[in-house]
Amino acid sequence: MSRIQLQGLTRRFGAVTAVDDIGLDVADGEFLVLLGPSGCGKSTLLRMIAGLLPPSEGRLWLDDTEITHLPPQRRDVAMVFQSYALYPHLSVARNIGFPLRTRKRPRAEIKAKVAEVAATLGLTDLLDRKPRELSGGQRQRVALGRALVRDPGAFLMDEPLSNLDAKLRAGTRAEIAGLHRRLRATTVYVTHDQVEAMTMATRIALLNEGRLEQLGTPSEVYDAPASVFAATFLGSPAMNVVDTTVRAVDGTLVAEAEGLRLSLGIDADIPDRPVRLGVRPEHLTLTSAGGQGIRAVVTAVENLGSEEVAHCDTGVSVRGPRPLGVVPGEAVTLSARPEHLHLFDHDSGRRLAWQAASVPQPV
Amino acid sequence: MVSGAFVEVAPPVRSREARAAGMPDTVPASPALWQRVRRIAPPYLYLLPAVVLLVVWTYQPLAQTFVLSTYSWNLVPSTPMVDVGLGNYERLLSTPELGRSVWRTVVVILGILPFTVGIPVAVALLTRRVRGRAQGVYRALVFAPMLVAPVAGAAVWQWLLDPSAGAVNRVLGTDVNWLNTAGTAQLSIIVITGWHVVGFAVLVVTAGLAGINPDYAAAAQVDGASRSQVTRWITLPLLSPTLAFLVLMTVLLSAQWTFPLIDTLTQGGPVGSTTNLYYLLWEYGFRSHDAGLAAAAGVLFFLGFIVVAALLTRLAERLSHHDD
């Protein structure tokens, strides 16, 4: 298993920059998820690591070997494609054994290794079938088996679960996570699904328009989003982001806007500053009308089974255990604890952290 | 103490039960015959023009050929047709020309196969990376011979192959009378026919290659396959349905493709060395004016090619991998 390093990796397609100056250091045994909306360059980045696409600029290392200019067959990585790319004319056994066949291993060794991998993945009874005779989930396993059959330096996975139905996806997600725990294999996993990213990753690299938006553990990315983009990409419903002004009132800082007043819990005195205030729907609580907080009128209530989401006229939504006890048309006041408030720069959208001038104070 | 009992919650009412229970039936009573005809007829009406043309131009002549093959007739309308039963077939099967022409047809097919399969695969694989405007120009160049009328092409080739002043002899430094020597006449016919069809075959193979999902080659590369391994183990097997189609086309049609060239360049000669099945059939009918014999030959070839086509189609079916 190996460490993957990316330095200033860039890929341009004509005038479009699909991947823009990405630097990453994927530690040995790490499960790094490249997360982002479609078109953010995550698949392009993965294909460059695989060697299927030459970078326009930048360099790549696998352990201590520079692989920037090596063709894919000489890089020690295995890849699972979104389409699975199972060779349609070969049986399951021959598909799984393909990487060994290209390495001219003896037939007996290939057979033994294929049987071993098939047993791990529960494919033993399917070895003689052709890919077209398999279900979606079985195809996905064969694709996984083909990657597992040799011990590659790293696994690359390009949205491997996106073609499965919801139930199968949850099961396979747990399976891949378990496989990673067992093999401790360096994995780079591309997805646009925040649940996959949150549950499987040791670290998430959040990409937006070809750039690295944030890099951190799932908790870091969720609890301290580095930008408005990161804040609104993760979480469902998305984090509420409101334009406000931070001003000092009676020696403490509050965020204020039309029909909104929330204390930031910081005792300080600064000139007024426009900021974007973020608060997650699950961190808002309903209080009796008239108190301090966000004043809004409920427009719709969604039933999620265990929870309910109330959408308000100001674009703010609240999430909480069912029943929330509000009905559409009701005027409510929403409050949030200071530690659950996120501040972002009004122009750049980057996260703002409070730094006391003399005595350090928590945000 | 309060007494009670558990009562099963009733399932939602199903529509069939609802109808049985006397609720209004939403399906109207069966329509009148005229309405049923109007509902069923449109697809058949759409098919009708094609079917009519097929019957008039294909199936009726075919049936007439079967009938004609049992008569002796010299194509002159005023001469009566004489019913000879299977006489034409007996005569046909006893001529030595038939066997020789079948063999020559096999030679023609084998000779043209490299032009419809071998060369196109090599060219298509080698030029896969040609992109943009160069691709269009290159395709036009390769395809151009297909657009030249066979008879016009044949006339030009006749000059090129001329034994005294022809360019071919000058380039090769030879002194061969290409079209009037038994061995080289057949070779010339094969090569000129190949020159005509190779562009079409390259286009078919290129289309076949473009239809293969590039993920397979990418996956094979990541799996460690070298470029030649990808070609041998992935690309060619996935291309096999296209190749089977080209083989089928060649086997069934190459003798027909040669016809205009033979008729222009050699008229089946010298000493019958370029007389294949189709040319033989044509000679019977329109040189010897033996309509019955020609029809009998036509029927035999028809049946023979049905068998060959059926075998090749089954082979192609087995080769096709439903790519999904």
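Visitor: What is the strand order of the open sheet of six strands in chain A?
Guide: The sheet is open, with mixed pairing; strands are DSSP runs (E, at least two residues; helices are H or I, at least four), numbered from the N terminus, and two strands pair if DSSP finds at least two bridges between them. This is a predicted model, in which local features need pLDDT of at least 70, side-chain atom pairs count only at pLDDT 80 or more, and totals for chains, interfaces and linings use all residues. Residues are numbered from 1 along each chain as its sequence is written, with chains lettered from A and ligands numbered from 1 in the order in which they are written. The order is β6-β7-β8-β3-β9-β10.

Visitor: Which are the edge strands of chain A?
Guide: An edge strand pairs on one side only. From one strand to the next, the twist averages 20°, with angles running from 0 to 180 degrees between N-to-C directions and axes being lines fitted to C-alpha atoms, for helices over the stretch in contact. The edge strands are β6 (77-80) and β10 (211-216).

Visitor: Which residue in β8(A) stands opposite A:Phe31?
Guide: Strands β3 (residues 31-35) and β8 (residues 187-191) of chain A run parallel and are joined by five bridges. Opposite A:Phe31 stands A:Thr187.

Visitor: Which residues is A:Ile49 in contact with, leaving aside its neighbours within four places in sequence?
Guide: Contact means that the C-beta atoms of two residues, placed from the backbone, lie within 7 Å. On that criterion the partners are A:Ile4, A:Leu60, A:Val77, A:Leu156 and A:Val188.

Visitor: How far apart are the centres of domain 1 and domain 2 of chain A?
Guide: Chain A is assigned domain 1 (4-233) and domain 2 (240-352), bounds that come from an automatic or database domain assignment. Eight residues of domain 1 are in contact with eight residues of domain 2. Taken over C-alpha atoms, the separation of the centres is 39 Å.

Visitor: Which element gives the largest share of the side of chain B that touches chain A?
Guide: Here 19 residues of chain B are in contact with 19 residues of chain A. Two elements of chain B give two or more residues to that side, α9 (214-222) and α10 (227-265). The largest share, six residues, comes from α9(B).
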